[in-house]
Each structure stands twice: as structure tokens, then as C-alpha cells.
There are 2 protein chains.
Amino acid sequence: MAGMQATNTAGYDAPIGLTADPVVFTLLDGRLCVLLARRLEEPQRGLFALPGGFVGSSEAPEQTAERKLREKTGVGSVHLEQLRTYADPVRDPRGWLPTIAYMALVRPETLPEERPVDRDASWHPLDALPELALDHAVIVDDGLWRLHARVADKVWFVRKALALLTEPFTLRQAQQLYEALRGEEVDAANFRRDVRATGLLEDTGALRSEGPGRPGRLYRRA
Amino acid sequence: MAGMQATNTAGYDAPIGLTADPVVFTLLDGRLCVLLARRLEEPQRGLFALPGGFVGSSEAPEQTAERKLREKTGVGSVHLEQLRTYADPVRDPRGWLPTIAYMALVRPETLPEERPVDRDASWHPLDALPELALDHAVIVDDGLWRLHARVADKVWFVRKALALLTEPFTLRQAQQLYEALRGEEVDAANFRRDVRATGLLEDTGALRSEGPGRPGRLYRRA
DNA sequence: TCAAAAGTGTTCCTGGTACACCCATGG
DNA sequence: CCATGGGTGTACCAGGAACACTTTTGA
């Protein structure tokens with residue numbers, strides 16, 4: 001099968017298709033995870049892979065990524081950011097098959113209980129990834145890199161990442177999320193100052209106690 | 001012709017091809033310019049467009065961008081950075097035809113005197129662009145955005161952008177380049193401090209006088 | 001009453017901007 | 001000698017990192 005390709009009417013070489021692969025992150029039990037699903041088709045059937053698939057001919061690739069995500073994992077509408085395109089002619093044994101990679105960050109509950117069987121769609125901690133199909137390990141890596149870059153921007157963090165928390169939330173929850181996404185610890189005092197300085201948080205006035213210690217104020221995204 | 005597509009052996013929809021479009025910038029007479037060439041084929045024959053073309057089936061898209069650049073404009077090997085992929089199914093009237101865009105920054109002499117006829121391959125100042133084919137105006141815009149982001153990084157500027165100057169050069173030349181790329185003026189004292197702080201410049205010891213005023217020191221990239 | 005967490009304030013450092021000021025050259 | 005640009009130094013400001021210190025809870 002290797003080296004297969006198509007030729008269009010104008011006589012140009014054409015890829016055998018175009019795929020879109022979403023790299024979807026979440027935070028589960030304090031660990032950063034990616035969403036993976038088993039391949040049901042050859043090649044590499046049974047291996048874990050990004051839950052992407054073929055772009056239809058009258059479809060925007062972002063829509064494909066979203067649709068495949070829904071079909072393979074049950075995850076609903078999310079905001080996808082284009083990562084980059086992988087088009088090495090030998091990246092897929094089926095033939096010339098470029099893929100456009102996307103990145104998203106969602107809450108873990110977005111992955112529903114009732115979901116397609118046989119696919120084992122599930123969250124995998126980044127520090128314990130299984131073997132991945134094709135070049136998907138590289139794509140996940142690039143996605144992680146992009147995620148780190150985004151999170152470094154406090155405004156992006158408050159607007160996008162804090163959507164992972166159920167409102168209202170304490171600043172401690174926000175900080176734990178931040179630290180998990182960044183992969184490093186930060187000073188609590190500075191974190192609270194920075195995040196409140198964005199002006200994007202709304203103080204609900206209520207308090208909540210989590211374990212020992214003084215209860216924390218509850219916030220909502222403005 | 002609209003809506004044309006291909007179907008591969010596995011029954012999936014396939015694009016009618018894949019193109020690679022390089023957005024090549026240079027500085028000419030103090031103005032930031034892009035490299036454009038006229039289309040010799042339908043659709044939109046005669047319109048200016050990015051000097052890209054179809055990716056061959058056993059070719060990495062970066063190679064295609066480089067090859068097309070050479071064929072259409074005579075511009076030799078350059079370092080291309082992937083920008084993003086445009087895959088809207090209706091972006092090209094010929095049918096479903098995604099393109100991967102690349103960005104580069106080269107010296108104006110890279111465009112040779114003897115070059116393919118009929119194509120009018122030439123530099124066009126960004127503030128006076130002709131009508132562009134397809135969605136190429138958007139692509140140029142995204143390229144410019146990326147260029148600004150890159151130049152903001154002093155180290156990138158010294159390593160990549162300063163290659164546009166013929167060595168040795170004065171810091172004033174470097175500053176004028178910087179200002180043209182950024183599109184805004186900067187303080188000369190601060191610029192020289194920042195750029196020397198990178199440690200990537202080598203003082204040749206020689207001086208050069210350009211017009212009135214004290215002659216400037218000549219530098220080389222280390 | 002003690003540990004743990006919330007919350008406030010201060011210091012320090014760094015990177016960038018603005019700008020004052022001297023030096024060297026051509027006209 | 002003066003306009004012009006090269007070159008040095010300094011003051012200032014903003015954002016971030018480190019940390020001291022107070023407050024409020026559960027055990």
C-alpha cells in the first residue's frame with residue numbers, strides 16, 4: 001500500500017485524502033492528560049491515536065476535527081486552535097496523507113460516560129502515554145508546547161483555561177490548574193495578584209472551605 | 001469546475017491536490033516587500049499571486065515551496081517557516097485545494113536579474129499591493145503578523161534578520177532594518193544596547209562613514 | 001493551640017523606555 | 001563652528017519573583 005496516491009483531472013499529484021487530528025487536553029486528578037482512542041482500522045489497528053479522521057470534501061477541517069471528536073469520543077463542541085500541518089509523504093503507510101493538527105483544552109466531564117464502544121476513548125496522563133500510531137507522539141508534543149505558550153499568557157489562562165473549573169471556584173483551584181498546565185509551581189501570593197489584575201474575575205462574595213485552613217473566596221469568570 | 005474533487009481507493013474524499021505557498025519578505029529601499037509572480041494559468045490568469053505551487057507526491061511541502069520559488073522567481077535556497085494551512089473547501093475555484101503557507105525573509109538580491117519571463121516576479125511594497133489571487137491577501141497578512149512576532153525577539157532578529165545586510169554593517173543599518181520590519185521607530189541608544197547584549201555580534205574594529213556625522217563601527221554576525 | 005490555607009503588603013530584580021550628554025566627522 | 005549621527009550613561013517605570021506577615025478555619 002505504501003506510496004499510494006491519487007491524480008486529479010488536471011494531472012497533478014494529489015494526496016489520497018486529508019485528515020484533521022485534534023490534540024485535546026484536560027486536567028484529571030491534577031494531571032495533564034490527552035484524549036486518545038484506539039484505531040479500529042488498519043494500519044496499526046488497536047494502537048492508540050488522536051481522535052481525528054478524514055476531512056470531507058465540503059467541510060472545513062476544523063469542523064472535521066470537531067465531528068471526529070464527537071464520533072469517536074463523544075466530546076462535544078470545543079474551541080480548536082490550529083497547530084500545524086504534517087505532510088511528510090511517508091508519515092502514513094497508506095500513502096500520501098497530510099494531517100492538520102488542532103489543539104483544545106476541555107473539562108474532563110466533556111468525555112461522556114456513554115461513548116462509542118471498542119474505541120477505548122479515554123484520558124491518558126502525559127507522563128504515561130502508550131505507544132501512539134503514526135507520528136501522533138510528535139503531534140502531541142507540539143500541542144503541549146503550544147499549550148505551555150498559551151498558558152504563559154495570564155489573560156488567555158483566565159479566559160480559556162479557567163473554563164475547566166466549575167463555577168464558582170477558589171483561587172487555589174485556579175492555581176492548581178495553572179501549575180498543572182505549566183508543569184511548575186508558582187508563588188500563591190503572586191498568582192492571586194496577577195490573576196485578579198486581569199479584571200476578568202468576579203468575586204461572588206461567598207466562601208468555601210476545602211479541608212483544613214481558612215476558607216477561600218469564590219470567584220466566577222466575568 | 002467548482003467543487004471538483006477526487007476519491008481515493010479507500011473511498012475517502014480527497015483534495016484535488018496540495019499546494020505550498022511561500023510568503024517571502026525583503027527590505028527594498030527601506031520598504032518592506034513581498035515577492036509575487038503573475039499566474040500563467042487559469043483561474044485568475046494574470047493576477048499576482050504567491051509564488052507557490054503543487055506539492056509532488058513524494059516531496060515534503062517545504063521542498064515544494066523552495067522549488068516553486070526557484071522555478072517561478074529564481075530565488076534560491078531559503079529557510080522557510082511553516083505559517084499555517086488554509087483548507088477551506090471553496091478557497092480555490094478549481095476545487096478542494098488546501099495550501100500550506102510558509103514564511104521567509106531574504107535579501108533583495110536573492111531575486112536574480114535573469115529570471116523566468118512572463119511571470120513578472122518582483123517585489124511589491126506591502127503598502128501598495130496589487131489585487132491578489134484567491135485568498136493570498138489573507139495569507140500575506142498572516143505572514144506579516146508572524147514576521148512582526150519574530151522580529152520582536154531580539155535574538156531572532158540578530159540571527160535571522162541581520163542576514164539581510166551585507167557584512168560588515170553599522171548598527172544604524174541594523175536599526176533601519178529593524179524599524180522597517182517592525183513598522184515603528186525605536187530609540188537608537190536602547191537598540192544598540194539590546195542588540196549588543198545578545199552577544200551575537202562581532203566588532204570588526206573598522207569604521208565606516210555614511211554621509212555626515214561621526215562614522216559608525218562595523219559589525220559582523222558572530 | 002497548632003497546622004494549614006487564605007489573603008495582604010513589601011522588597012528586590014530585571015527588562016524596557018526616555019532622555020541627557022559627550023564624541024567625531026563633513027560641510 | 002555647527003548640524004548630524006555615533007556612542008555612553010542614567011533615571012524611571014512596569015512586571016515578575018521571593019518572602020514576611022496577618023487572618024481564619026479544621027482538627
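Trainee: Which elements each supply at least two residues of the surface near DNA strand D?

Mentor: First, the ground rules: this is a predicted model, where local features need pLDDT of at least 70, side-chain atom pairs count only at pLDDT 80 or more, and totals for chains, interfaces and linings use all residues. Residues are numbered from 1 along each chain as its sequence is written, chains are lettered from A and ligands numbered from 1 in the order in which they are written, and side-chain values use heavy atoms, with hydrogens and water left out. Helices (H or I, at least four residues) and strands (E, at least two) are DSSP runs, numbered from the N terminus. The elements that each give at least two residues near DNA strand D are α5 of chain A, plus α5 (188-197) and β12 (216-221) of chain B.

Trainee: Which element gives the most to the surface near DNA strand D?

Mentor: A residue is near a strand if one of its heavy atoms lies within 4 Å of it. There are 20 residues around DNA strand D, and the nearest are N190(A), R172(B), R192(B), G213(B) and R214(B). The top contributor, with 4 residues, is α5(A).

Trainee: How do the residues of that surface near DNA strand D divide by class?

Mentor: Ala, Val, Leu, Ile, Met, Phe, Trp, Tyr, Cys and Pro count as nonpolar; Asp, Glu, Lys and Arg count as charged; the others, Gly among them, count as polar. On the protein side, the residues near DNA strand D are 6 nonpolar, 5 polar and 9 charged.

Trainee: How far is the side chain of N190(A) from a base nitrogen of DNA strand D?

Mentor: A polar contact is a pair of N or O atoms within 3.5 Å; within protein, one must be able to donate a hydrogen and the other to accept it, and residues adjacent in sequence count only if both atoms are side-chain atoms. D187(A) has a side-chain N or O atom 3.5 Å from a base nitrogen of DNA strand D. R214(A) places a polar side-chain atom 2.9 Å from a base oxygen of DNA strand D. For N190(A), the distance from a side-chain N or O atom to a base nitrogen is 2.8 Å.

Trainee: Now DNA strand C. Which elements give two or more residues to the surface near DNA strand C?

Mentor: The count is 17 residues around DNA strand C, with R172(A), R217(A), N190(B), R193(B) and P215(B) the closest. A phosphate oxygen of DNA strand C sits 3.0 Å from a side-chain N or O atom of R192(A), and another such pair puts R196(A) 3.2 Å from a phosphate oxygen. R214(B) has a side-chain N or O atom 3.0 Å from a base oxygen of DNA strand C. The elements are α5 and β12 (216-221) of chain A, together with α5 of chain B.

Trainee: What share of the DNA strand C atoms within 4 Å of the protein belong to sugar or phosphate?

Mentor: Start with the protein side. The surface near DNA strand C has 5 nonpolar, 4 polar and 8 charged residues. On the DNA side, bases make up the rest, and the sugar or phosphate share is 57%.
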